[in-house]
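Dear colleague,

Here is the structure I said I would pass on. My notes on it follow below.

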Amino acid sequence: MAVPFFLAACRSAGHGPAHAHGGESGHATSGTEPASTGESSGTRETGTSEGRFDLPAPATINDGNFATASVCAECHANSDAALAMRTAQGEPVAPYELWQGTMMANAARDPVWWAAVRAEVAATPSRQAEIEAECTRCHAPMAAIRNDLYGGVDGSLAMLLADDDRSQLGLDGVACAACHQIGTGGLGSEASYSGNPELTNVGLVYGPHANPFTMPMQHRTGFTPSHAVHTDTSAVCSGCHTLDTDALTAEGEATGAHYSEQATYLEWRNSEFSTEAPIPGPNARSCQACHMPSFDAEGQPIATRIAHNPMGFDFGMLTERSPYHAHAFVGGNTWVPVLLRDHAAALRPRATGAAFAATVAWARDQLAHATATVSVADVVRDGDLVRISVVVRTSVGHKFPSGYPARRAWLRVLVRAADGTVMFRSGATDATGRILDGDGDVLELEHVGGPFEPHHLEIDDDENVQIYEVIMADGDGAPTHRLLRADHDAKDNRLLPAGWSTAAPDQDRIAPVLGVDDPDFVGGSDRVVYEVAAPAAAGPYTVDVALVYQPLSARHLAELLEYDASEIDALADMLDGLDRAGEIVASTTAPLP
């Protein structure tokens, strides 16, 4: 199947997803590809184990403060009778269609998020209210950030299950009105971090295009479109992609430590991609430029009318707007969209099967073509030993992996003799994504309470593997997988973006931990040397190298499943049907002497 249109177009620019009816990438090693059914996925079923999730079905709400995406879809979804929201080639790029299957749209229906919140509450039950209030601010912003609109009552998981207007706004996730009502108060500063963006309810909907035609939206929804240049800046993303948490004891007492759960925005500011540098460089681009690309199949900026009338026909008085950002929010999560599709009876997302298929295709193409490369830089034979230098280069504008500290990437290296005999294997996995040693046994680091893998300059044992990840540590320095126990990082050797500087601000939040003494672990790349026993008589040899990615590491999942909650049990059942071996980000094969 052909690569979806603006994936191919944006590769030359270093970023971009596909349209909502896109095909599949051929670079994934695992994951069930969602079927492009095109059917609604809100059907209720009973009598199954997934009944432990029972989220309300989507409804249409406009309370005058915020509105669900279905209100916006009336004019901002594609119509067969309109040319609006299409590329020059006729490809549909309406915001609603592209958004509906994304992680943003499903932030409050994500079963992994629900399980993670339940685990945090189970670990620190005395702080349930505070935990749920904090976690819903970014995952259910329209219902949780402005609690002053609800009598000062904080957001919670119970709130999301209530199936009232507030519940419906929350379950709409990071929807149209959430992002397009972010104001400029504290924008891109400490005041807005940790889920505190200014979310206005003054009847204005902010957008990047000048001189908006206001009457139709005012008349139909009560909201007034308003030109606001800040909507096209990375600072809009900063409030929920710069998060600190307070470390707590098991009894719920604050230790006084503050932990940087994620600092994607700050990482981007310390890279050559930052548009906020005093003199932005040639590679500078905003978050939107990569995650909401604006190019068509010919590599040209998309120019299109941004709405049609409620009857589905073009507004004659509207003119084309450019650049037009595709609301695909392409990332790297290939698991949760599949879970949402396959367990729609319990999770009840808005999206169609086709929309989830597109989201997975975008993620896989982004991972395989716009994230990183691997190469064999040097091979040296010393008697029966071969030293293989593997270089990883990253092309993203933040650490990889970035975000919540449950993700990981690692190098899989396989050396074969001329007759096919495997001489060395590091980083292979089983079907559940657990990393194995050369004999096929699960490494201790994958078991609950086990050790974690150090950062390696050299590897000469198939029980060692180069894993790029965050491992949190509590106040005593012991590894932990519970966010609210985290005092600092025991390990953070995630790949650094090009242009990284140790002199940049916010080092207390973004500095790597482990790898800092590795002269080859620098902004944009890392080099690892593998020493393999490979007698010349059995050669020539080949080496296969791959960079593999998991949106939820097998170890983090194992630690999560230790806690008792119905949503955690339900997630375990859901994951049983998913191949979790990992996604191939980059690969290469080279001959060895």
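Setting aside neighbours within four places in sequence, Phe53 is in contact with Pro111, Trp114, Ala346, Leu347, Glu567, Ala570, Leu571 and Met574. Please keep in mind that this is a predicted model.

Phe53 also belongs to the largest nonpolar core, which has 41 residues. Together with Trp114, Leu160 and Leu571, Phe53 is among the residues with the most contacts inside that core. The helices that each supply at least two residues to this core are α4 (111–123), α7 (157–161), α14 (336–342), α15 (344–347), α16 (353–369), α18 and α19 (566–575). Of these, α4 gives the most, with seven residues. Another core lies apart from this one; it has 31 residues, including Ala409, Val543, Leu547 and Tyr549.

Helix α18 covers residues 554–560 and holds His556. His556 counts as buried because its relative accessibility is 3%, and the limit for buried is under 20%. Leaving out residues up to four places away in sequence, His556 touches Tyr404, Pro405, Ala406, Met472, His481 and Arg482.

Next, the cysteines. The count of disulfides comes to one. Cys138 and Cys240 form it, with their sulfur atoms 2.4 Å apart. The pair links distant parts of the chain, 102 residues apart: Cys138 is in helix α5 (residues 128–139), and Cys240 is in the loop between α11 (235–238) and β3 (242–248). The torsion about the S-S bond of Cys138 and Cys240 is about -95°, so the disulfide is left-handed.

The two partners fall into separate accessibility classes. Cys138 has a relative accessible area of 13% and is therefore buried. Cys240, at 21% relative accessibility, counts as partly exposed, because buried means under 20%.

Which cysteine sulfur is closest to that of Cys287? That of Cys237 is, at 4.2 Å, which is too far for a bond, because a disulfide needs the two sulfur atoms within 2.5 Å. Cys290 is in no disulfide either; its nearest cysteine sulfur is that of Cys287, 8.2 Å away. Cys290 is buried, with a relative accessible area of 16%.

Regards

Key
Residues numbered from 1 in each chain as written. Predicted model: local features only at pLDDT ≥ 70, side-chain atom pairs only at ≥ 80, totals over all residues. Heavy atoms only, no water. Helix = DSSP H or I, 4+ residues; strand = E, 2+ residues; numbered from the N terminus. Buried < 20%, exposed > 50% of the residue type's maximum accessible area, 1.4 Å probe, protein only. Contact = heavy atoms within 4.5 Å. Core = buried A, V, L, I, M, F, W, Y, C linked by side-chain atoms within 4.5 Å.
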